[in-house]
Amino acid sequence: MALQSASFLPSALSINKEGKSNVSYKETSLFGVSISHQLRAEFNPCQIRSKEERRNTLAVSVRAQTATTAPGIELATPEGKKTLRKGNVVITGASSGLGLATAKALAETGKWHVIMACRNFLKAEKAAKSVAISKENYTVVHLDLASLDSVRQFVDNFRQLGKPLDVLVCNAAVYLPTAKEPTFTAEGFELSVGTNHLGHFLLARLLLDDLKKSDYPLKRLIIVGSITGNTNTLAGNIPPKANLGDLRGLLGGLNGVNCSSMIDGGEFDGAKAYKDSKVCNMLTMQEFHRRYHEETGITFASLYPGCIATTGLFREHIPLFRLLFPPFQKYITKGYVSEEEAGKRLAQVVSDPSLTKSGVYWSWNKNSSSFENQLSKEASDPEKARKLWETSEKLVGLT
Ligand code: NDP
Ligand code: PMR
């Protein structure tokens, strides 16, 4: 496929990195052209909420749930025919974009109950209503991946619902391409890697036990990856490129105080941090596969759903980027997919009985047919995956 071809970077596409001094302005780039713009005021309510406030939100969200007992795997119809019970799927970041479109695609089949794991309870409720997911097909449970306490609390709250876990989809992400300085999670990890990788790493590790217990025939753990983390593609060669190096920044805790906030130990770069986090997502999926597939029968998968250029992922980018990015992807790279189409693709990885192969990074061709894609050398390096796993375990307090 043309877009999956070998490394290629025309010099005209090179991106200049930031200027040094001005606090309210930074240099960034739009499609390879260097431009300046005023930074937005950074305000992240998740970061400033007190523990007390967070506990209250959790209490509210748990109260709003409808507890159900775990049904057996087969349900008898009035005619005595046995049918498969509804599957239960947890989707992180289901309040917008790909996560919401996937929740909708699965819920409307009537075969899935979607647990929307979201940091903003009201936004998630409104989002579910806006795409007409009916009440009996979803439950919102609070999850802020930028806080490991919240991840642990989510797992407790999920278990209190009394539903088995059949599929976990690690979808939520933040992308901070214009940030001049790093911001941090509750535990002090750089926000993009802390949220996209470490939060999901802890969540997936804790919920693995629940997946193991499920009696559902399709048990899956899916972590959303991306083309931009894969340097064996043109998109993955647009600077700044993903590169985890020897993980020295991660080993130091990504705190930006006595060590770098970047995994490779380099200077902070928000766009690179996102791409690095996607490499971590893809490596994590393969390490799960190596460690647990044979023993548990769980299918571990990652995917690149296409370029969904209209989602909230680009909310921190400059307005000009947000204006030009969708037509650029639609008419020039032809890599664009709508949220609806991308949602169907991820829903396919969740529920298609033919996509049972584990350890696969799925992509789709121009006819929207799925195929097993190749990961870059770094994103498929087993030694790096092992080191990432062991370091992440320590950071999230599992060892
Ligand atoms: P969106 O911004 O629309 O969705 C991201 C979701 O993540 C939102 O629901 C957001 O919540 C949630 N989220 C962010 N931070 C946290 C947190 N701390 N705790 C819990 N939830 C959080 O982006 P997309 O739908 O585009 O992104 C979904 C996935 O798809 C990501 O993994 C992304 O890397 C991947 N992807 C996207 C591509 C694209 O072209 N858009 C291409 C390839 C991969 P809230 O609504 O509260 O902000
Ligand atoms: Mg990219 C050739 C195809 C292609 C594809 C499929 C993408 C996907 N992009 C492609 C090409 C290019 N992009 C080219 C030629 C350029 C330079 C003009 C370019 C630029 C570009 C920028 C500045 N692209 C971007 C950005 C972003 O800020 C996005 C990003 O990297 O976010 C991390 C992005 C993306 N391009 C994509 C996809 C899917 C993204 C969103 C990234 C993601 O979610 O991983």
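Let me start with a helix pair. In H8, the residues Cys 280, Leu 283, Thr 284, Glu 287, Phe 288, Arg 290, Arg 291 and Tyr 292 meet Pro 382, Lys 384, Ala 385, Arg 386, Leu 388, Trp 389 and Glu 390 of H11. Contact here means heavy atoms within 4.5 Å. By class, that contact of H8 with H11 has eight nonpolar, one polar and six charged residues. On the classes: Ala, Val, Leu, Ile, Met, Phe, Trp, Tyr, Cys and Pro count as nonpolar, Asp, Glu, Lys and Arg as charged, and the others, Gly among them, as polar.

A word on what you are looking at. This is a predicted model, in which local features need pLDDT of at least 70 and side-chain atom pairs count only at pLDDT 80 or more, while totals for chains, interfaces and linings use all residues. Residues are numbered from 1 along each chain as its sequence is written, chains are lettered from A and ligands numbered from 1 in the order in which they are written, and side-chain values use heavy atoms, with hydrogens and water left out.

Back to the helices. H8 packs against H11, residues 382–395, at an angle of about 90 degrees, and their axes are 9 Å apart. Axes are lines fitted to C-alpha atoms, for helices over the stretch in contact, and angles run from 0 to 180 degrees between N-to-C directions. H8 and H11 are therefore roughly perpendicular to each other. The cut-offs are under 35 degrees for roughly parallel, over 145 for roughly antiparallel, 65 to 115 for roughly perpendicular, and oblique for the rest.

H11 also packs against H6, with an angle of about 85 degrees and axes 10 Å apart. That makes H6 roughly perpendicular to H11 as well. From H6 the contact takes His 197, Leu 198, Phe 201 and Arg 205, and from H11 it takes Leu 388, Trp 389, Ser 392, Glu 393 and Leu 395. Five of the residues in this contact of H6 with H11 are nonpolar, two polar and two charged.

Overall, the protein has 11 helices and 12 strands. Helices (H or I, at least four residues) and strands (E, at least two) are DSSP runs, numbered from the N terminus. Of its 399 residues, 53% count as buried. Buried means under 20% relative accessible area, exposed over 50%, and partly exposed in between, with a 1.4 Å probe and protein chains only. Among contacts between residues at least 6 apart in sequence, 73% join residues at least 24 apart.

How many cavities of 30 Å³ or more does a search of the whole structure find? It finds one, and the volume of this largest cavity is about 30 Å³. On a 1 Å grid over the protein atoms alone, a cavity is a set of points where a 1.4 Å probe fits but cannot get out; a pocket is an open set with protein on both sides within 12 Å along at least five of seven lines, and lining residues have an atom within 4 Å of a point. Grid points are joined across faces, edges and corners, and a volume is the space filled by probe spheres set on the points.

The lining of the largest cavity consists of His 197, His 200, Phe 201, Ile 223, Asn 281 and Thr 284. Two lining residues are nonpolar, four are polar and none is charged.

Cys 170 lies in strand E8, residues 167–170, and counts as buried at 2% relative accessibility.

Last, the backbone. Most residues other than glycine have a negative phi, and most peptide bonds are trans. Pro 239 and Pro 240 are joined by a cis peptide bond, with omega about -5 degrees. Pro 240 sits in the loop between strand E9 (220–224) and helix H7 (248–252). Ala 132, not a glycine, has a positive phi of about 60 degrees; its place is the loop between helix H4 (121–130) and strand E7 (138–142). Ala 132 is exposed, at 65% relative accessibility. Lys 334 also has a positive phi of about 60 degrees without being a glycine, and is exposed, with a relative accessible area of 59%.
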